[in-house]
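The following exercises concern one protein chain, shown below.

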Amino acid sequence: MTNPLARLPEFGQSVWLDFVSRSLLEKGDLKRLIEEDGLRGVTSNPSIFEKAIGHSGEYDDELIAFETAGDHSVSELFEHLAIADIQAAADQLRPVYERTNGIDGYISLEVSPYLAMATDATIAEARRLWRAVDRPNLMVKVPGTTAGAPAIRVLIEEGLNINVTLLFSIAAYDAVAQAYIGGLEARVAKGEDISRIASVASFFVSRIDTAVDKIVAEKLPTASPEVAAKLRGLSGKVAIANGKLAYQHYKKLIAEPRWHALAAKGAKPQRLLWASTGTKSKELPDTLYVDQLIGPETVNTMPPATMQAVRDHGTPANTVEADLDAARAVLHTLKELGISLDAITDDLVIKGVEQFAGDADKLYGAVAARRRTVLDGKDPLQRIAFADSDLSQAMATETERWRSAGLIRQLWAKDKALWTGDDEDKWLGWLTIVDEEIDDLAKLEAFAQEVVKARFSDVVLLGMGGSSLGPEVLAETFGHRAGWPRFHMLDSTDPAQVRAIEHAISLKTSLFIVSSKSGSTLEPNIFQQYFYARLQDAGVDAGAHFVAVTDPGSAMEKVAQQEGFRHIFHGVPSIGGRYSVLSKFGLVPAAAIGVDIRGLLTAARQMVRSCGPDVPPAENVGVQLGVAIGVLAKHGRDKVTLIASPGIGDVGAWLEQLLAESTGKQGKGVIPVATEPVVSADSYSKDRLFAYLRLQDGADPEQDRFVAALEAAGQPVVHIGVRSALHIGQEFFRWEIATAVAGAVIGINAFNQPDVEASKIKTKALTAEFEKTGKLPTETPIFEDEHLQIYADAKNAAALGTPSSIAGWLAAHFARVTAGDYIGLIAYIERNEAHTEAMQTIRAHLLRSKGVATCLGFGPRFLHSTGQAYKGGPNSGVFLQITCHDQENLAIPGQAFGFGMVKSAQARGDMGVLVERGRRVLRIHIKAGVPDGLRSLSEAVKTIKN
């Protein structure tokens, strides 16, 4: 018996296979289909590749080998696998291509479905794939959307073969047919050959009937018997009728003089290709969409099951032009019944794009999972554990929103609409900074060797906020390397802190790195003035001991040029301070102390790829973390409590700034809690999310037990495994992505810091007042004893009554703490080990007695960090500001004021903004020595009861 499938070419129809896999190519199945069934082509799509790659082990060895040889993005991994298949299929089809003179013998590869609505991006991707496959019998698949049509015209003009996909309506077909003809004409006008260019226009058949069947089912219950009979009569007929009339439109197009002129120059017609030809309804014949659409110059691409059905019982005949009147009658009845075919086909295009994108998500998700296994091992290094089913469902819902709306691609496209539509697009340079810095590594490596050669003993970073906290993490994480300078950081205007730095270094062999993005930030400027003058006093070339890291054209750059700084390194204007650690702001200090910058960035790039636009949200660790933070914040768990292994413990200070300054505004946001004393796992309030950064080669067993107890107590926990200290750069990027995502979920601009600026304005006004009058405005305490004074604004003072002791005032103040609040301790004193220990003791008692989250910040350092959330975030903080009498004001060369006055102005400015924002705040001033004052304060706090 003659094979019906092999007979279809007798009627002018080419049979293509809608499937590809490694085994099909390697086991000889494709060649068999060519020889036995007359197969003339192959089509692929994301769904096909997802089934092949995601549901078999055929590709595992090659994927593992490719990823192990060097890290790659998910899309690179997929393309490596897919292009190998496409090239192998093209080579096996090449004899068909040659035998048919380029009419058949094609294999199709689809541009990313994510680009279906982007003309320029589609063109660029098609060009790239064409070059990568490098086979004349490749057809690049381009969606026949409104954006796709102009792309098709350009690509045809450039000589690419195009399979136009996702066509449902004759109007859409006409648009892409005109694009094909226009592209050929443009090529002819340039005197170029058009005889080897081929194209097909792929009509998706069965989906139309599926959509009609759904509408019919909705109408039948209320339809009259006559209408019901007409509705039932549509079953399996509309898609075929639509296809037959589309074929008539094709014949009309190739009958026109315009086409004849192109045909005379060797042009091949853009054949109609019937796709989606497997029947979806069991009530219809399984060969329906093949048997009824056979005709000259057509193609039918069939899935394997449909090919087998046709092979077994197909009925070849020239049917595409049969019963045209009946086809027209079907469409007339459809319209008569109030069913709009245009509405159906328009909706199918939208759903088709969504489905293809969904298939791509599944495909890239499968590849991402395989890549993660190669990098992480069997168990993922990031795990999010929620005992609360409502929270789990909320996170699943938000994750699906990010997937279905393509929001991670929107983030990487730098679309400000993802946040508030303000200026967010201007602050996303950090997304690509890792690759940029890797390309610029030679400059950093040369600088590092210069530092060693110059035999600097100390490196002192002069900065604030994001310019200093990231380098501090790197210095604390990697420690001091033999043969390299020791690292010191000055980010405080406390005179004792400045003196402590000066005493800790060898001035004449120190390198000072002034880190200031704008160059107008007060603190780095006065730090530079102070130490520059000290070097001059020591009789050395001060400029040779200074390096600037600043944005191009900044005030600091001008100072550096005027004063002969050793180097000027430029930051990226589109990267804000708290996102700058993987730029020169973090890398220059790290290079100066001997950190392996190349290793750091190479590891960080793995995380960039793990959080990339081609990694679906369910596998995207940055998106998952950000969604968790954002969703839980919206559900009242807005205290992100950070726990880190001792070897990377300092990362908490950097994370505090990133989270607080990015999310805490407009009365929303999360409050980060770092280095908090530990209490029993079951005593924590229900407003927390815990994040555990566990150093795989340096974990603390006690921390492991504590976190396990938290999870057992029902607290939500994010577990993050950090493979080694060198992988700390991965955490920088993971959390930057997560913070940007959380900001979008919460609904704020994640890149501005309006309330930090408010504090700066008040400080500036106070320093101006000092310059004018020689003193700050007089303040009067509302209570004092031998060691301490209490200050408060009228409203806060009135709320506390008239206690008769420091302990009483503190008890009244903290009595205002309620469920969901947190306590913020703000200490404008020297940040040293003894003072930190004393403050942690005070913090621990408040944590135990009040049962709420506690935060500790040293001023003015915290102003450029958690200060934003304290003032602009949710009004749930109860603050205690601690100031002290400075034993030494410490003059600043060239200024009328000293460091002590600056610190006082900053503390007062901070307090003033907190008061303006309606915060519950009290100030304790230490009258004499700080150690004695802290002991007195601690004794008073210990009397506070729950």
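**Exercise 1.** In which loop does Asp886 lie? Determine also whether Asp886 is buried or exposed, and identify its contacts.

*Solution.* The model is a predicted one.

Step 1. Asp886 belongs to the loop that runs between β23 (877-884) and α37 (899-916).

Step 2. The relative accessible area of Asp886 is 17%. Buried means under 20%, so Asp886 counts as buried.

Step 3. Leaving out residues up to four places away in sequence, Asp886 touches Asp494, Pro495, Gly900 and Lys903.

Step 4. With Lys903 there is also a polar contact between side chains, at 2.9 Å.

**Exercise 2.** Locate Arg861, classify it as buried or exposed, and list the polar contacts of its side chain with Glu472 and Asp491.

*Solution.* 

Step 1. Arg861 is placed in the loop connecting β22 (853-858) and α36 (867-872).

Step 2. Its relative accessible area is 13%, and therefore Arg861 is buried, the limit being under 20%.

Step 3. The side chains of Arg861 and Glu472 are joined by a polar contact of 3.1 Å. A polar contact of 2.8 Å links the side chain of Arg861 to that of Asp491.

Step 4. Not counting residues up to four places away in sequence, Arg861 touches Met464, Leu469, Glu472, Met489, Asp491, Ala653 and Arg831.

**Exercise 3.** Why is Pro716 classed as buried, and what does it contact?

*Solution.* 

Step 1. Pro716 is situated in the loop between α30 (701-712) and β18 (717-722).

Step 2. Pro716 is buried because its relative accessible area is 2%, where the class requires a value under 20%.

Step 3. Apart from neighbours within four places in sequence, the contacts of Pro716 are Ala385, Phe386, Leu632, Arg637, Arg688, Leu689 and Phe690.

Step 4. One of these, Leu689, is 27 residues from Pro716 in sequence, while the two C-alpha atoms are 5.4 Å apart in space.

**Exercise 4.** How many cavities of 30 Å³ or more are there? Describe the largest cavity by its volume and its lining.

*Solution.* 

Step 1. The count is 5 cavities of 30 Å³ or more.

Step 2. The volume of the largest cavity is about 220 Å³.

Step 3. Its lining comprises 19 residues, with Arg372, Asp376, Met607, Ser610 and Val621 nearest the centre.

Step 4. At least two lining residues come from each of α17 (341-376), α27 (597-610) and α31 (728-746). The largest share, 5 residues, is supplied by α17.

Step 5. By class, the lining of the largest cavity consists of 7 nonpolar, 5 polar and 7 charged residues.

**Exercise 5.** Which residues lie closest to the centre of the second largest cavity, and which elements each supply at least two residues of its lining?

*Solution.* 

Step 1. The second largest cavity holds about 130 Å³ of space. It is lined by 17 residues, and Phe78, Leu109, Glu110, Val111 and Tyr364 are closest to its centre.

Step 2. The elements that each supply at least two lining residues are α4 (46-54), α6 (74-99), β3 (106-110), α7 (119-133) and α17. The largest share, 4 residues, belongs to α6.

Step 3. The lining of the second largest cavity divides into 12 nonpolar, 2 polar and 3 charged residues.

**Exercise 6.** How many residues of α4 are buried, and what covers them?

*Solution.* 

Step 1. Of the 9 residues in α4, 7 are buried, and the helix is mostly covered.

Step 2. The buried residues are Pro46, Ser47, Ile48, Phe49, Glu50, Ala52 and Ile53.

Step 3. The elements covering them include α6, β3 and α17.

Step 4. At the N-terminal end, Asn45 caps α4, with a side-chain oxygen 2.9 Å from the backbone nitrogen of Ser47.

**Exercise 7.** Describe the chain as a whole in terms of its secondary structure, burial and contacts.

*Solution.* 

Step 1. The chain has 38 helices and 24 strands. Its C-alpha trace spans about 110 × 70 × 50 Å along the principal axes.

Step 2. Of its 946 residues, 60% are buried. The accessible surface is about 34,900 Å², and carbon and sulfur atoms account for 52% of that area.

Step 3. Among contacts with a separation of 6 or more, 79% join residues 24 or more positions apart.

Key: Residues numbered from 1 in each chain as written. Predicted model: local features only at pLDDT ≥ 70, side-chain atom pairs only at ≥ 80, totals over all residues. Heavy atoms only, no water. Buried < 20%, exposed > 50% of the residue type's maximum accessible area, 1.4 Å probe, protein only. Polar contact = N/O pair within 3.5 Å; in protein donor to acceptor, adjacent residues only side chain to side chain. Contact = heavy atoms within 4.5 Å. 1 Å grid on protein atoms, 1.4 Å probe; cavity = no way out; pocket = protein on both sides within 12 Å on 5 of 7 lines; lining within 4 Å. Points joined across faces, edges and corners; volume = space filled by probe spheres on them. Nonpolar A, V, L, I, M, F, W, Y, C, P; charged D, E, K, R; others polar. Areas by Shrake-Rupley, 256 points an atom, 1.4 Å probe, with all protein chains shown as cover.
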